Amino acid sequence: QVQLVESGGGLVQAGGSLRLSCAASETLFGRYHTGWYRQVSGKQRELVAHIASAGSIDYPDSVKGRFTISRDDAKNTVYLQMNNLKPEDTAVYYCHAQPTRGASDGFWGQGTQVTVSS
């Protein structure tokens, strides 16, 4: 199974930026759909960005224009660039990889905390 290791979280002021990284143990292009999710304790996990195995990208309205997902195939790494951060962006951020074929539920990273101060 693919393993995912996240990094880049931290404490920032409102209006600041962070770049999260998710390093995969194998190639993602053509093999996995990947996404970034966030979760506040006690609340449901929310999709914030998705990139399909072939490269198509989708965002929810809450982050459009502020967040950018990208993939570096040479490094097997997915990034989430977060700009103009708001206090409501505070959450634990997770990456997820879903095989394009098969019955697997996919694989999660360990999560990284993002805290935005007001």
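Student: Is Trp 108 buried, partly exposed or exposed?
Tutor: This is a predicted model, and in it Trp 108 has a relative accessibility of 39%, so it counts as partly exposed.

Student: OK, and how many aromatic pairs does the structure hold?
Tutor: It holds two aromatic pairs. In one of them, the rings of Tyr 37 and Trp 108 have centres 5.0 Å apart and planes at 65°, which makes the pair edge-to-face because that angle is over 60 degrees.

Student: What about the rings of Tyr 94 and Trp 108, how are they arranged?
Tutor: Their centres are 6.3 Å apart and their planes stand at 85°, so this pair is edge-to-face. It also links distant parts of the chain, with Tyr 94 in strand E9 (residues 91-99) and Trp 108 in strand E10, 14 residues apart.

Student: Is Tyr 94 buried or exposed?
Tutor: Tyr 94 is buried, its relative accessible area being 15%. Through ring pairs, Tyr 37, Tyr 94 and Trp 108 are linked into a cluster.

Student: Switching to charges, where does the charged end of Arg 45 sit?
Tutor: It sits over the ring of Tyr 94, at 3.9 Å from the ring centre, and the charged end of Arg 45 also sits over the ring of Trp 108, at 4.4 Å from that ring's centre.

Notes
Residues numbered from 1 in each chain as written. Predicted model: local features only at pLDDT ≥ 70, side-chain atom pairs only at ≥ 80, totals over all residues. Heavy atoms only, no water. Phe/Tyr/Trp six-rings, centres within 6.5 Å; stacked < 30°, edge-to-face > 60°. Buried < 20%, exposed > 50% of the residue type's maximum accessible area, 1.4 Å probe, protein only. Helix = DSSP H or I, 4+ residues; strand = E, 2+ residues; numbered from the N terminus. Lys NZ or Arg CZ within 6 Å of the ring centre and 35° of its normal.
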